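Here are some notes for a colleague opening this structure for the first time. Please keep the model in view while reading.

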Amino acid sequence: MDNNTLPKTQQLLVFQEVVRSGSFGSAAKQLSLTQPAVSKIISDMEAYFGLELIIRKNTGVILTEAGKVLLTYSESITRELTNLCSEMNRMVGNSVVDVSFGYPSLIGFTFLPGMMKEFKEVFPQAQVSMFEAQLSSFLPAIRDGRLDFAIGTLSDEMLLQDLHIEPLFESEFILVANRTRAIQGTKTLSELAQEQWVLPQTEMGYYSELLTTLQKNNIKSENIVKTDSVVTIYNLVLNADFLTVIPRDMISPFGSNLFIKVPVEDKLPIARYAAVWSKNYSINQSAATLVELAKKHSLRSRFQFNQLTEVA
């Protein structure tokens, strides 16, 4: 290995695409290269490092231990180069920047439109990619640099020492049902053990903590359906008489008034929302601006909701 001659960025990008696509042929199509050209680039990298990086199988490609190390470092390098280009564009007055982030449904239902409107006024030509899911789904992409940041709920069991944490707000969650349901009076969770429930799919964060609370009150896992789709959750509540737990701000889905709050004696956990991003990458100016706008608009949204609640 000649330390005076470093691998080319194009080689790193080809290597990443082979891993992402799962084969040399698929990577060649994605990159508008020939398959022999892709094979030569990978062979040149293996010759440079003196190590096998990728094992070809009939079912796809498998990374060696050296390949796994290279993937981690190469994604970090290309991510930093992307951030560098964005910052340089900004410094010369070019507002063409790339930013990608993840968020949960609560953000989409509340302050995301206002946040994005203000962001596009600052960066009118920004290329923005947004993804809706629970925070646990975004952590791999945050750690390997595919996402600039994500917003989500935190819980004590989450191992986030390698991430920056920017607290945003707390939210009360409520138990809801179809307005046509005849659920009389205040209930304990145990009294609702035989009901059918639907919750977001996640391994950590608020809903993981909530699941523990439900299980302590004899609500069994076979009575809980999990899904990544908010639309599916709402449809199961409205059309199949399921129960769910959602942020209080989301009790009127899509402007409707078809949900009712079910009062329960048991205390539901409070959700703590935060923006998180990797300590291994410098957050670019456009992403940092979005985080600041999230803080600003979340506070405004909470104030407006509290005012409406007091009037009601």
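1. E118 is partly exposed, at 21% relative accessibility. In this predicted model, its side chain meets that of K296 in a salt bridge (2.8 Å, N to O). The pair links distant parts of the chain: E118 sits in helix α6 and K296 in helix α10 (residues 285-311), 178 residues apart. K296 is partly exposed too, with a relative accessible area of 36%.

2. Helix α6 covers residues 112-122. It lies across β3 and β4 and runs at about 170 degrees to β3. Strands β3 (residues 98-103) and β4 pair in the parallel sense, over six bridges. F101 stands opposite M130 in β4.

3. These strands belong to an open sheet of five, in the order β4-β3-β5-β12-β6, with mixed pairing. β4 (127-132) and β6 (163-171) are at the edges; each has a single partner strand, so one side of each lacks a neighbour in the sheet.

4. The structure holds eight salt bridges. One joins K40 and D44 (2.9 Å, N to O). These residues are four apart in helix α3 (residues 35-49), about one helical turn. K40 is exposed, at 52% relative accessibility, whereas D44 is partly exposed, at 33%.

5. R181 forms a salt bridge with E195, the closest N and O atoms being 2.9 Å apart. R181 is buried, with a relative accessible area of 16%. E195 is partly exposed, at 21%.

6. Which residues have the most contacts inside the largest nonpolar core? They are M115, F149, W197 and V245, in a core of 58 residues. Another core, of 16 residues, lies apart from it and includes V14 and M45.

Note on methods. Residues are numbered from 1 along each chain as its sequence is written. This is a predicted model: local features need pLDDT of at least 70, side-chain atom pairs count only at pLDDT 80 or more; totals for chains, interfaces and linings use all residues. Side-chain values use heavy atoms; hydrogens and water are left out. A nonpolar core is a set of buried Ala, Val, Leu, Ile, Met, Phe, Trp, Tyr and Cys residues joined through side-chain atoms within 4.5 Å. Buried means under 20% relative accessible area, exposed over 50%, partly exposed in between (1.4 Å probe, protein chains only). Two strands pair if DSSP finds at least two bridges between them. Helices (H or I, at least four residues) and strands (E, at least two) are DSSP runs, numbered from the N terminus. Contact means heavy atoms within 4.5 Å. Axes are lines fitted to C-alpha atoms, for helices over the stretch in contact, and angles run from 0 to 180 degrees between N-to-C directions. A salt bridge is a side-chain nitrogen of Lys or Arg within 4 Å of a carboxyl oxygen of Asp or Glu.
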